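Student: Hey, could you walk me through this one? I'm new to it and would like the plain version.

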Amino acid sequence: MTGLILKDLYTMKKTLIYLVAVVVLFTAIYSSAGDSHFSDFFVSIMVVSILISTMSYDEFYHWDRYAAILPLSRRRIVGAKYLTALLLFGMGGLISLGISVAVQLFQGRGFFMDDLALVAIGPLVGMLGAAVILPCYYRFGAQKSRFVMLAFYGIPSILLVLALKFAPESLNNVPEIEITPAGIALAGAALTAAAMAVSFLVSVRILERKELK
């Protein structure tokens, strides 16, 4: 399984360098405007894009045909992809944490527990997206998974923008609930763990029923 993870990491080596360069550029732009947490969500979206790019490489080079002759179970093949995803989001979270700390200190502000919780929310949202996208990849392929990613992140964003523009009063009617960033992060972690577990089982079942040839 370690070899499968290394295969994905070698595939995305150049893309990771590009990711770091883009994140640093856009973080510099947004932090100058006072937004120190822009990178938290931006990195997560970029990580999902990189994860899908590994799927595209697998599909283009017919990796499934090679995987069919390996002495590995379908569960281990799927598990390697999920471990790669967790590793990527872990790396993305560390990058976000480093950037947020640097920006906060550069702006003369401290870095507190609420800031740490806000940093954690980005990777959690990204992993929720991965939990939806990975089974779609095993069922429909990499290209259709891109549309799923766009829908997962795009539709809520569009609805929020439309609500803010055309019906801002509707948001005022939402009951106020006192939830701290730490509470949101803990609830998100529990939800994400459950979603990833269910997603893994679904992906394994899909691949076990799929003929690799």
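**A first walk through the fold**

Tutor: Among contacts in the protein between residues at least 6 apart in sequence, 84% join residues at least 24 apart; contact means heavy atoms within 4.5 Å. This is a predicted model, where local features need pLDDT of at least 70 and side-chain atom pairs count only at pLDDT 80 or more, while totals for chains, interfaces and linings use all residues. Residues are numbered from 1 along each chain as its sequence is written, and side-chain values use heavy atoms, with hydrogens and water left out.

Student: Okay, how many helices and strands does the protein have?

Tutor: Nine helices and zero strands. Here helices (H or I, at least four residues) and strands (E, at least two) are DSSP runs, numbered from the N terminus.

Student: And how much of the protein counts as buried?

Tutor: Of its 213 residues, 39%. Buried means under 20% relative accessible area, exposed means over 50%, and partly exposed is in between, using a 1.4 Å probe and protein chains only.

Student: Asp8 is charged, though. What does the side chain of aspartate 8 meet in a salt bridge?

Tutor: The side chain of lysine 7, at 3.0 Å, N to O. A salt bridge is a side-chain nitrogen of Lys or Arg within 4 Å of a carboxyl oxygen of Asp or Glu. Aspartate 8 itself has a relative accessible area of 2%.

Student: How many salt bridges does the structure hold?

Tutor: Four. Another one joins the side chains of lysine 7 and aspartate 58, at 2.9 Å, N to O. Lysine 7 lies in helix H1 and aspartate 58 in helix H3 (residues 38–60), so this pair ties together parts that are 51 residues apart in sequence.

Student: New topic: how many aromatic pairs does the structure hold?

Tutor: Two. One of them is tyrosine 82 with phenylalanine 200, edge-to-face, 5.6 Å centre to centre and 85° between the planes. The pair links distant parts of the chain: tyrosine 82 is in helix H5 (residues 74–106) and phenylalanine 200 in helix H9 (residues 181–209), 118 residues apart. Rings of Phe, Tyr and Trp (its six-membered ring) pair if their centres lie within 6.5 Å; planes under 30 degrees apart count as stacked, over 60 as edge-to-face and the rest as tilted.

Student: Are those two buried or exposed?

Tutor: Tyrosine 82 and phenylalanine 200 are both buried.

Student: What about threonine 54, what is that in contact with?

Tutor: Leaving aside its neighbours within four places in sequence, threonine 54 is in contact with Asp8, Met12 and Lys81. Threonine 54 has its place in helix H3, and its relative accessible area is 0%.

Student: How many residues does the largest nonpolar core have?

Tutor: It has 37, and those with the most contacts inside it are Val48, Leu51, Met55, Val78 and Leu88. The largest share, eight residues, comes from H6. A nonpolar core is a set of buried Ala, Val, Leu, Ile, Met, Phe, Trp, Tyr and Cys residues joined through side-chain atoms within 4.5 Å.
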